[in-house]
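Hi there,

Here is the structure I promised to pass on to you. Have a look at it first, and then read on for what turned up in it.

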Amino acid sequence: MKSLEDIRQSAIRTIEAEIDELKRLPTFLTGDFAESVQLIYKANSRLVITGIGKSASIGRKMVATFNSTGTPALFMHAADAIHGDIGTIRKEDVIICISNSGNTPEIRVLVPLLKSYGNKLIAFCGNTESFLATNADYLINTSVRREACPNNLAPTSSTTAQLVMGDALAVALLEYRNFTSRDFARNHPGGTLGKRMYLRVENLYTQNEKPQVDPDASLSDVILEISSKRLGATAVMDGDELCGIITDGDIRRMLSKNDSLTNVKAKDIMSANPKTLDTDILVVDALNMMRNNNITQILVLKDGIYAGVIHLHDILKEGII
(Lines give C-alpha, C1' and ligand atoms only; values in the text may rest on other atoms or scores of the structure.)
Protein backbone atom coordinates (compact mmCIF):
# COMPACT_ATOMS: atom_id res chain seq x y z
CA MET A 1 0.00 0.00 0.00
CA LYS A 2 1.39 3.38 -1.02
CA SER A 3 1.72 5.99 1.72
CA LEU A 4 0.47 9.55 1.42
CA GLU A 5 4.06 10.68 0.96
CA ASP A 6 4.54 8.14 -1.84
CA ILE A 7 1.52 9.64 -3.61
CA ARG A 8 2.84 13.16 -3.18
CA GLN A 9 6.25 12.18 -4.53
CA SER A 10 4.61 10.57 -7.56
CA ALA A 11 2.86 13.84 -8.33
CA ILE A 12 6.10 15.78 -7.89
CA ARG A 13 7.92 13.47 -10.32
CA THR A 14 5.20 13.95 -12.93
CA ILE A 15 5.23 17.73 -12.64
CA GLU A 16 9.01 17.96 -12.70
CA ALA A 17 9.23 15.60 -15.69
CA GLU A 18 6.82 17.72 -17.68
CA ILE A 19 8.56 20.96 -16.67
CA ASP A 20 11.88 19.53 -17.87
CA GLU A 21 10.38 18.80 -21.28
CA LEU A 22 8.73 22.23 -21.52
CA LYS A 23 12.07 23.93 -20.92
CA ARG A 24 13.21 22.56 -24.29
CA LEU A 25 10.37 24.12 -26.27
CA PRO A 26 11.97 27.57 -26.79
CA THR A 27 14.80 25.89 -28.70
CA PHE A 28 12.24 24.57 -31.21
CA LEU A 29 10.98 28.03 -32.20
CA THR A 30 12.35 28.27 -35.71
CA GLY A 31 11.35 30.56 -38.53
CA ASP A 32 8.43 28.22 -39.25
CA PHE A 33 6.76 29.37 -36.02
CA ALA A 34 7.00 33.09 -36.87
CA GLU A 35 5.91 32.47 -40.46
CA SER A 36 2.93 30.46 -39.18
CA VAL A 37 1.85 33.45 -37.13
CA GLN A 38 2.01 35.72 -40.17
CA LEU A 39 0.23 33.14 -42.34
CA ILE A 40 -2.69 32.76 -39.92
CA TYR A 41 -2.94 36.52 -39.40
CA LYS A 42 -3.06 37.31 -43.10
CA ALA A 43 -5.42 34.47 -44.05
CA ASN A 44 -8.83 35.74 -45.07
CA SER A 45 -10.55 32.71 -43.58
CA ARG A 46 -10.50 30.38 -40.60
CA LEU A 47 -7.98 28.32 -38.71
CA VAL A 48 -8.95 24.63 -38.80
CA ILE A 49 -7.33 22.40 -36.20
CA THR A 50 -7.35 18.63 -36.58
CA GLY A 51 -5.92 15.63 -34.79
CA ILE A 52 -6.79 12.24 -33.37
CA GLY A 53 -6.68 10.64 -29.93
CA LYS A 54 -5.28 12.79 -27.12
CA SER A 55 -4.00 15.27 -29.70
CA ALA A 56 -7.62 15.86 -30.70
CA SER A 57 -8.42 16.86 -27.12
CA ILE A 58 -5.56 19.36 -27.20
CA GLY A 59 -6.85 20.64 -30.54
CA ARG A 60 -10.26 21.39 -29.07
CA LYS A 61 -8.70 23.41 -26.30
CA MET A 62 -6.57 25.30 -28.82
CA VAL A 63 -9.69 26.16 -30.83
CA ALA A 64 -11.28 27.65 -27.72
CA THR A 65 -8.17 29.73 -27.03
CA PHE A 66 -7.87 31.01 -30.59
CA ASN A 67 -11.55 31.95 -30.79
CA SER A 68 -11.42 33.88 -27.53
CA THR A 69 -8.32 35.80 -28.58
CA GLY A 70 -9.49 36.98 -31.98
CA THR A 71 -8.56 34.15 -34.36
CA PRO A 72 -11.65 32.40 -35.82
CA ALA A 73 -11.05 28.66 -35.45
CA LEU A 74 -12.87 25.35 -35.60
CA PHE A 75 -12.01 21.74 -34.79
CA MET A 76 -12.24 18.86 -37.27
CA HIS A 77 -11.49 15.36 -36.00
CA ALA A 78 -9.03 13.61 -38.32
CA ALA A 79 -11.05 10.38 -38.39
CA ASP A 80 -14.25 12.24 -39.23
CA ALA A 81 -12.45 14.33 -41.84
CA ILE A 82 -11.67 11.33 -44.02
CA HIS A 83 -15.29 10.21 -43.75
CA GLY A 84 -16.90 13.38 -45.04
CA ASP A 85 -16.14 16.22 -42.63
CA ILE A 86 -13.33 17.48 -44.83
CA GLY A 87 -16.12 19.14 -46.79
CA THR A 88 -16.24 21.84 -44.10
CA ILE A 89 -12.83 23.14 -45.17
CA ARG A 90 -12.63 26.18 -47.41
CA LYS A 91 -9.81 26.73 -49.85
CA GLU A 92 -8.47 29.72 -47.90
CA ASP A 93 -8.47 27.96 -44.51
CA VAL A 94 -5.17 27.38 -42.74
CA ILE A 95 -4.87 23.91 -41.21
CA ILE A 96 -3.04 22.90 -38.04
CA CYS A 97 -2.62 19.14 -37.75
CA ILE A 98 -1.55 17.84 -34.32
CA SER A 99 0.08 14.43 -33.96
CA ASN A 100 2.88 13.23 -31.73
CA SER A 101 3.94 10.39 -34.01
CA GLY A 102 2.89 12.00 -37.28
CA ASN A 103 2.39 8.56 -38.80
CA THR A 104 -1.10 7.40 -37.79
CA PRO A 105 -3.24 5.92 -40.59
CA GLU A 106 -5.75 8.75 -40.43
CA ILE A 107 -3.01 11.36 -40.78
CA ARG A 108 -1.50 9.52 -43.76
CA VAL A 109 -4.86 9.66 -45.54
CA LEU A 110 -5.79 13.20 -44.50
CA VAL A 111 -2.58 15.07 -45.30
CA PRO A 112 -2.56 14.33 -49.06
CA LEU A 113 -6.20 15.37 -49.26
CA LEU A 114 -5.44 18.69 -47.60
CA LYS A 115 -2.49 19.25 -49.90
CA SER A 116 -4.64 18.50 -52.95
CA TYR A 117 -7.12 21.15 -51.79
CA GLY A 118 -4.30 23.69 -51.75
CA ASN A 119 -4.59 24.52 -48.04
CA LYS A 120 -1.50 25.59 -46.13
CA LEU A 121 -0.66 22.97 -43.50
CA ILE A 122 1.06 23.62 -40.17
CA ALA A 123 2.22 20.50 -38.33
CA PHE A 124 2.41 20.29 -34.54
CA CYS A 125 4.48 17.13 -34.42
CA GLY A 126 6.78 15.28 -32.04
CA ASN A 127 8.49 13.25 -34.76
CA THR A 128 10.29 15.56 -37.16
CA GLU A 129 11.01 12.70 -39.59
CA SER A 130 7.38 11.57 -39.78
CA PHE A 131 4.98 11.60 -42.72
CA LEU A 132 3.17 14.62 -41.29
CA ALA A 133 6.32 16.60 -40.54
CA THR A 134 7.88 16.05 -43.96
CA ASN A 135 4.69 16.88 -45.87
CA ALA A 136 3.64 19.99 -43.94
CA ASP A 137 4.33 23.51 -45.18
CA TYR A 138 5.42 24.57 -41.71
CA LEU A 139 6.69 22.40 -38.86
CA ILE A 140 6.34 23.31 -35.19
CA ASN A 141 8.35 20.79 -33.21
CA THR A 142 6.62 19.54 -30.02
CA SER A 143 8.86 16.55 -29.37
CA VAL A 144 9.66 15.25 -25.91
CA ARG A 145 12.37 12.82 -24.83
CA ARG A 146 10.09 10.88 -22.51
CA GLU A 147 6.51 10.88 -21.28
CA ALA A 148 5.87 11.60 -17.60
CA CYS A 149 4.11 8.24 -17.46
CA PRO A 150 6.52 5.81 -15.72
CA ASN A 151 5.91 3.32 -18.54
CA ASN A 152 6.61 6.02 -21.14
CA LEU A 153 3.28 5.16 -22.77
CA ALA A 154 0.41 7.44 -21.72
CA PRO A 155 0.49 10.80 -23.53
CA THR A 156 1.48 13.21 -20.76
CA SER A 157 4.56 15.31 -21.45
CA SER A 158 3.83 15.18 -25.20
CA THR A 159 0.30 16.54 -24.89
CA THR A 160 1.47 19.19 -22.43
CA ALA A 161 4.08 20.29 -24.97
CA GLN A 162 1.38 20.53 -27.65
CA LEU A 163 -0.83 22.54 -25.32
CA VAL A 164 1.90 25.00 -24.37
CA MET A 165 3.06 25.46 -27.96
CA GLY A 166 -0.55 26.12 -28.93
CA ASP A 167 -0.78 28.78 -26.24
CA ALA A 168 2.47 30.29 -27.50
CA LEU A 169 1.03 30.50 -31.01
CA ALA A 170 -2.24 32.02 -29.79
CA VAL A 171 -0.49 34.65 -27.67
CA ALA A 172 1.95 35.50 -30.46
CA LEU A 173 -1.06 36.07 -32.74
CA LEU A 174 -2.79 38.11 -30.06
CA GLU A 175 0.20 40.41 -29.75
CA TYR A 176 0.77 40.52 -33.52
CA ARG A 177 -2.72 41.94 -34.07
CA ASN A 178 -2.61 44.21 -30.98
CA PHE A 179 -5.57 42.39 -29.42
CA THR A 180 -6.53 44.45 -26.36
CA SER A 181 -8.37 43.75 -23.13
CA ARG A 182 -11.39 45.51 -24.64
CA ASP A 183 -11.29 43.11 -27.59
CA PHE A 184 -11.06 40.19 -25.17
CA ALA A 185 -14.03 41.52 -23.21
CA ARG A 186 -16.07 41.75 -26.42
CA ASN A 187 -15.59 38.00 -26.84
CA HIS A 188 -16.41 37.32 -23.18
CA PRO A 189 -19.49 39.45 -22.40
CA GLY A 190 -20.63 36.99 -19.73
CA GLY A 191 -17.31 36.97 -17.87
CA THR A 192 -16.12 39.32 -15.18
CA LEU A 193 -13.87 41.27 -17.54
CA GLY A 194 -16.68 41.67 -20.06
CA LYS A 195 -19.00 42.96 -17.37
CA ARG A 196 -16.39 45.43 -16.15
CA MET A 197 -16.05 46.78 -19.69
CA TYR A 198 -19.71 46.87 -20.73
CA LEU A 199 -22.20 46.49 -17.86
CA ARG A 200 -23.85 49.83 -17.10
CA VAL A 201 -25.91 51.15 -14.23
CA GLU A 202 -29.05 51.05 -16.38
CA ASN A 203 -28.69 47.26 -16.55
CA LEU A 204 -28.94 46.90 -12.77
CA TYR A 205 -30.89 49.64 -11.05
CA THR A 206 -34.20 48.74 -12.74
CA GLN A 207 -34.16 45.44 -10.82
CA ASN A 208 -34.73 47.41 -7.61
CA GLU A 209 -37.72 49.29 -6.33
CA LYS A 210 -37.66 53.08 -6.21
CA PRO A 211 -37.75 54.32 -2.60
CA GLN A 212 -38.79 57.92 -2.02
CA VAL A 213 -40.48 60.10 0.60
CA ASP A 214 -41.63 63.71 0.83
CA PRO A 215 -39.55 66.21 2.83
CA ASP A 216 -42.34 66.38 5.44
CA ALA A 217 -42.72 62.61 5.80
CA SER A 218 -42.69 61.38 9.38
CA LEU A 219 -39.87 59.33 10.82
CA SER A 220 -42.08 56.23 10.86
CA ASP A 221 -42.89 56.72 7.17
CA VAL A 222 -39.19 57.04 6.38
CA ILE A 223 -38.33 53.87 8.30
CA LEU A 224 -41.19 52.00 6.60
CA GLU A 225 -40.04 53.10 3.13
CA ILE A 226 -36.45 52.09 3.74
CA SER A 227 -37.47 48.75 5.22
CA SER A 228 -40.02 47.86 2.55
CA LYS A 229 -37.76 48.70 -0.41
CA ARG A 230 -34.81 46.88 1.23
CA LEU A 231 -32.08 49.09 -0.20
CA GLY A 232 -30.93 50.72 3.03
CA ALA A 233 -31.86 54.20 1.84
CA THR A 234 -34.54 56.39 0.36
CA ALA A 235 -34.52 59.51 -1.75
CA VAL A 236 -36.25 62.63 -0.43
CA MET A 237 -38.29 64.19 -3.22
CA ASP A 238 -40.17 67.48 -3.44
CA GLY A 239 -42.25 66.73 -6.51
CA ASP A 240 -39.71 65.94 -9.23
CA GLU A 241 -36.89 67.70 -7.38
CA LEU A 242 -34.35 65.59 -5.55
CA CYS A 243 -33.73 67.15 -2.15
CA GLY A 244 -31.56 64.57 -0.44
CA ILE A 245 -31.08 61.01 0.75
CA ILE A 246 -31.71 59.22 4.03
CA THR A 247 -29.84 56.01 4.79
CA ASP A 248 -30.36 53.57 7.61
CA GLY A 249 -27.09 54.92 9.00
CA ASP A 250 -28.59 58.43 9.12
CA ILE A 251 -31.51 57.06 11.14
CA ARG A 252 -29.25 55.26 13.62
CA ARG A 253 -27.19 58.40 14.17
CA MET A 254 -30.33 60.47 14.62
CA LEU A 255 -31.76 58.03 17.16
CA SER A 256 -28.57 58.15 19.22
CA LYS A 257 -28.69 61.95 19.41
CA ASN A 258 -32.39 62.73 19.94
CA ASP A 259 -34.66 61.94 22.87
CA SER A 260 -37.87 63.20 21.28
CA LEU A 261 -38.82 61.74 17.91
CA THR A 262 -42.38 62.97 17.72
CA ASN A 263 -41.90 65.83 15.29
CA VAL A 264 -38.92 64.54 13.31
CA LYS A 265 -39.42 64.89 9.56
CA ALA A 266 -37.52 63.53 6.61
CA LYS A 267 -36.05 66.95 5.87
CA ASP A 268 -34.57 67.08 9.36
CA ILE A 269 -32.35 64.03 8.93
CA MET A 270 -31.68 63.85 5.20
CA SER A 271 -28.27 64.46 3.66
CA ALA A 272 -28.62 67.23 1.10
CA ASN A 273 -26.72 67.08 -2.20
CA PRO A 274 -26.48 63.29 -2.28
CA LYS A 275 -24.08 61.39 -4.51
CA THR A 276 -25.77 60.54 -7.82
CA LEU A 277 -24.83 59.01 -11.15
CA ASP A 278 -26.36 58.68 -14.59
CA THR A 279 -27.83 55.49 -16.03
CA ASP A 280 -25.12 55.19 -18.70
CA ILE A 281 -22.24 55.07 -16.22
CA LEU A 282 -20.27 51.83 -16.15
CA VAL A 283 -21.05 49.69 -13.14
CA VAL A 284 -17.34 49.40 -12.34
CA ASP A 285 -17.22 53.21 -12.06
CA ALA A 286 -20.21 53.12 -9.73
CA LEU A 287 -18.34 50.59 -7.59
CA ASN A 288 -15.29 52.84 -7.44
CA MET A 289 -17.51 55.77 -6.44
CA MET A 290 -18.96 53.72 -3.59
CA ARG A 291 -15.51 52.70 -2.42
CA ASN A 292 -14.12 56.21 -2.59
CA ASN A 293 -17.04 57.62 -0.58
CA ASN A 294 -17.46 54.64 1.77
CA ILE A 295 -21.13 54.18 0.83
CA THR A 296 -23.16 51.17 -0.26
CA GLN A 297 -25.82 52.76 -2.46
CA ILE A 298 -26.09 55.63 -4.93
CA LEU A 299 -29.13 57.37 -6.34
CA VAL A 300 -29.51 57.00 -10.10
CA LEU A 301 -30.61 59.83 -12.40
CA LYS A 302 -32.09 59.43 -15.86
CA ASP A 303 -32.09 62.62 -17.90
CA GLY A 304 -31.49 64.49 -14.64
CA ILE A 305 -34.54 62.99 -12.91
CA TYR A 306 -34.37 60.57 -9.99
CA ALA A 307 -34.92 57.05 -11.36
CA GLY A 308 -33.89 54.62 -8.64
CA VAL A 309 -31.04 53.20 -6.58
CA ILE A 310 -28.08 50.97 -7.33
CA HIS A 311 -26.74 49.02 -4.35
CA LEU A 312 -23.34 47.49 -3.70
CA HIS A 313 -24.98 44.06 -3.49
CA ASP A 314 -26.27 44.45 -7.06
CA ILE A 315 -22.70 44.88 -8.27
CA LEU A 316 -21.22 42.08 -6.18
CA LYS A 317 -23.85 39.65 -7.48
CA GLU A 318 -22.50 40.29 -10.98
CA GLY A 319 -19.05 39.19 -9.84
CA ILE A 320 -17.53 42.66 -10.16
CA ILE A 321 -15.15 43.37 -7.29
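Asn294 is exposed, with a relative accessible area of 74% (exposed is over 50%, buried under 20%, and partly exposed in between, using a 1.4 Å probe and protein chains only). Asn294 sits in the loop between α13 and β11, where helices (H or I, at least four residues) and strands (E, at least two) are DSSP runs numbered from the N terminus. Its phi is positive, about 55°, although Asn294 is not a glycine. In general, most residues other than glycine have a negative phi.

Before going further, please keep in mind that this is a predicted model, in which local features need pLDDT of at least 70 and side-chain atom pairs count only at pLDDT 80 or more, while totals for chains, interfaces and linings use all residues. Residues are numbered from 1 along each chain as its sequence is written, and side-chain values use heavy atoms, with hydrogens and water left out.

Asn152 is another non-glycine residue with a positive phi of about 55°. Asn152 belongs to the loop between β5 and α7, and is partly exposed at a relative accessible area of 33%.

Back at α13 (residues 283-293), the buried residues are Val283, Val284, Ala286, Leu287 and Met290. They lie on the same side of α13, because they cover an arc of only 155° around the axis (the arc is that of the directions from the helix axis to the C-beta atoms).

Further along, β11 (residues 297-302) and β12 run antiparallel and are joined by 6 bridges; two strands pair if DSSP finds at least two bridges between them. The hairpin has 2 residues between the strands, and Asp303 takes a positive phi near 55° there. Lys302 has Ile305 in β12 as its bridge partner. Strand β12 (residues 305-311) is mostly covered, with 6 of its 7 residues buried.

Helix α5 (residues 105-117) may interest you too. Its 13 residues reach 19 Å from first C-alpha to last, close to the 18 Å expected at 1.5 Å a residue (the expected span is 1.5 Å times one less than the number of residues). Which residues of α5 are buried? They are Ile107, Leu110, Val111 and Leu114. These cover an arc of only 105° around the axis, so they fall on the same side of α5. Among what covers them are β1, α4 (78-81), β3, β4 and α6 (131-135). The face turned away from the buried side carries the exposed residues Pro105 and Ser116. Just after α5, Gly118 takes a positive phi of about 90°.

The largest nonpolar core has 26 residues, and Phe66, Ile96, Ile122 and Phe124 have the most contacts inside it. Such a core is a set of buried Ala, Val, Leu, Ile, Met, Phe, Trp, Tyr and Cys residues joined through side-chain atoms within 4.5 Å. Elements giving two or more residues to this core include α2 (31-42), β1 (47-51) and α3 (54-68), and α7 gives the most, with 5 residues. A second, separate core of 20 residues includes Val48, Ile89, Phe131 and Leu132. Leaving aside neighbours within four places in sequence, the residues in contact with Phe124 include Met62, Ile96, Leu132, Ile140 and Met165 (contact means heavy atoms within 4.5 Å).

Finally, Thr69 is in the loop between α3 and β2 (73-77) and counts as buried, because its relative accessibility is 8%. A polar atom of the Thr69 side chain lies 2.7 Å from the backbone oxygen of Thr65.

Best wishes

Technical notes:
Polar contact = N/O pair within 3.5 Å; in protein donor to acceptor, adjacent residues only side chain to side chain.
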